[in-house]
Amino acid sequence: MKDLIQEDRGRVLMRRRIDFALNLLFLAATSVGVLVLVVLIVDIVMDGLNNLTPELFNNYPSRKAAQAGMKSAIVGTIYMLLIMAPISFVFGVGAAIYLEEYASKNRFTRFIQLNISTLAGVPSIVYGILGLTLFVRLMALERSLIAGALTMTLLVLPIIIVASQEAIKAVPRSRRDASFALGANKWQTVSRAVMPSALPGILTGVILAMSRAIGETAPLVMIGALTYIAFLPDSLKSSFTVMPIQIFNWISRPQEEFHMLAAAGIIVLLAMLLLMNFSAILLRNKFQNKL
Amino acid sequence: MPDQAIPSVDAKHPPAKPKMQFKNKRKSLMNWIMPVLLFLCAATSILTTIGIVYTLLSETLSFFAKVPFIDFITQTRWNPLMGEKTYGIWPLLSGTLLITVIACLVAVPIGLAAAIYLSEYAPKRVRKIVKPILEVLAGVPTIVYGYFALTLVTPTLQSLIPGLPIFNALSAGIVVGIMTIPMVSSLSEDAMSAVPRSLRDGAYALGATRFEVALKIVLPAAFSGVVAAAVLAFSRAIGETMIVTVAAGATPKLTANPMESIQTMTAYIVQVSLGDTPHGSIEYGSIFAVGMTLFVITMLLNITAQWLAKRFREEY
């Protein structure tokens, strides 16, 4: 009897030890992600800080690393953002409102929904191929700012639709009921009761989608966003470049100085992303407090 | 006095209609027209899919009119740009597969362990800090990961493995794996969090440790969700472009050796579109054939993952 209790205790102790060891192991695995992020940022800041000069912002690309800047790329990214934000907002939010408020729950709606989630998983380079054929060749927009912005719009639409749907779903049913009870029709209810309270959530989703878009490189390489642009785009049909493409171009060169320049470019890009994500988080917090 | 209680209705003088009539009509017009406009917005997603399939299919078919399909899937050399041209997809496929397998070897164990930690072990405060950090990691542009692979991971690996070339599958694969860790961990954690609390409580009541609960109760219950996360990570790694373009090289090779320079399907597409390939040439058509292969594979994987995740949801 005593032996049995002794053996049992040993076993429990063993199981506790295994539990503890795996706790540490799982914790270690979790910290890999955190650690990598720290290493990545430290590495890039150390490489790029010296090149973070006014020339980087004021100069156009150059064959000489000492004179090269990314002015046209920064401006190109901002222009592209300004074009794609309203287009993707209107289409994305419109689709989300339709799916959440109007669509009847039939097979066709389920098909659209399945289609959207499948589109979200299509590799970004495939969107580049679509943009190259549809906008650059078929619509004859050439390798222009508008062709790039439209391609990126298609890329981010599924993300915006899904995020907006979540935000609309989170609006309590009682708000709609109250609006209907006051005699409002469907559209009045959607536009005045549902949208105002879903808007912060939708905006958060849109901002996150935009931050995904300004980091995308592959589709714009396909479209042919050139890297050697020594002017600012002056119209929708003018050729352009964006920050990730400029960075890609600098990384692809063998010289060390260009790699340092790429690191400086990455700092600028990450700072911009951080700013966008931070504003999205602020919006989200405001939204959460309100509900 | 019942007569006075009911207001008399004079048939000749009906009460005045509300003055807001015009505005109401406009509103009802909006009420009628908005669903149509909104539907058109939703329809763009279907048009996008049709557009993707149509462009890929039409150019791919004209490519196969010049290069026999049977050569495409049986030949083992991919040499499309110079010299004697051969179009066998296998080197690109094997390169892609090599990267993807390495990436999954990194992402699935680490992501899954992180998910178990976050869902079963972590105190609330730790979760609140770690989850946003993983989200940031997921939001880092892939070109940044490419820089990371080329300038930090490859030199580090070179100091460990002498003779490793600058462009190699190992470094790119590891970094693609790191990129997909947040995806695996957050999707797996969602699946685990959906396992009913009562199952865990039952196991704890029988004296199980946290590890036993995680391994024998939560993981089996969330299994299809976890597999779905792994499949999605696999598909994401296949479609990843910039990391492999920057760090894995541009030499299509039928090899399973991670120490060699290879080329993936995505990197090939980028290589061709960086050059000035005339529209209508075989090289131009080849990016569509490769793109089609890529699209079909990722599509099948994504649908599998969705099916798995759905099956899981229906269980409870």
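**Helix packing and chain contact in a predicted model**

Visitor: Among the elements of chain B, which has the lowest mean pLDDT and which the highest?
Guide: This is a predicted model, and mean pLDDT can be compared by element in chain B. The lowest mean, 49, belongs to helix α1 (residues 2-5) of chain B. The highest, 94, belongs to helix α4 (residues 90-121) of chain B.

Visitor: What pLDDT does chain B average?
Guide: In chain B, 90% of the residues score at least 70. For the model, the scores are pTM 0.88 and ipTM 0.90. The average pLDDT of chain B is 86.

Visitor: How are α8(B) and α9(B) oriented to each other?
Guide: Helix α8 (residues 197-205) of chain B packs against helix α9 (residues 210-221) of chain B with the axes 10 Å apart. The angle is about 150 degrees. Angles over 145 degrees count as roughly antiparallel, so α8(B) and α9(B) are roughly antiparallel.

Visitor: How many residues of the contact of α8(B) with α9(B) are nonpolar?
Guide: α8(B) contributes L199(B), R200(B), A203(B) and Y204(B). From α9(B) come E212(B), V213(B), I217(B), V218(B) and A221(B). By class, 2 of the contact residues are charged, none is polar, and the nonpolar ones number 7.

Visitor: How are α4(B) and α9(B) oriented to each other?
Guide: The axes of α4(B) and α9(B) come within 11 Å. They cross at roughly 115 degrees. Angles of 65 to 115 degrees count as roughly perpendicular, so the relation of α4(B) to α9(B) is roughly perpendicular.

Visitor: In which hand of crossing does α4(B) pass α9(B)?
Guide: In α4(B), the residues that meet α9(B) are I116(B), E120(B) and Y121(B). Their partners in α9(B) are R210(B), V213(B), A214(B) and V218(B). This contact has 5 nonpolar, no polar and 2 charged residues. The crossing of α4(B) past α9(B) is right-handed.

Visitor: Which helix gives the largest share of the side of chain B that touches chain A?
Guide: The contact takes 70 residues from chain B and 70 residues from chain A. On the chain B side, the largest share is 20 residues. They come from a helix spanning residues 21-66 of chain B, namely α2.

Visitor: How many residues on the side of chain B that touches chain A are nonpolar?
Guide: The side of chain B that touches chain A includes 23 polar residues. Charged residues there number 2. The nonpolar count is 45.

Key:
Residues are numbered from 1 along each chain as its sequence is written. Chains are lettered from A and ligands numbered from 1 in the order in which they are written. This is a predicted model: local features need pLDDT of at least 70, side-chain atom pairs count only at pLDDT 80 or more; totals for chains, interfaces and linings use all residues. Axes are lines fitted to C-alpha atoms, for helices over the stretch in contact, and angles run from 0 to 180 degrees between N-to-C directions. Helices (H or I, at least four residues) and strands (E, at least two) are DSSP runs, numbered from the N terminus. Angles under 35 degrees count as roughly parallel, over 145 as roughly antiparallel, 65 to 115 as roughly perpendicular and the rest as oblique. Two residues are in contact if their C-beta atoms, placed from the backbone, lie within 7 Å. Ala, Val, Leu, Ile, Met, Phe, Trp, Tyr, Cys and Pro count as nonpolar, Asp, Glu, Lys and Arg as charged, and the others, Gly among them, as polar. pLDDT is the predictor's confidence in each residue, from 0 to 100. A crossing is left-handed if the near helix is turned anticlockwise from the far one by less than a right angle, and right-handed if clockwise.
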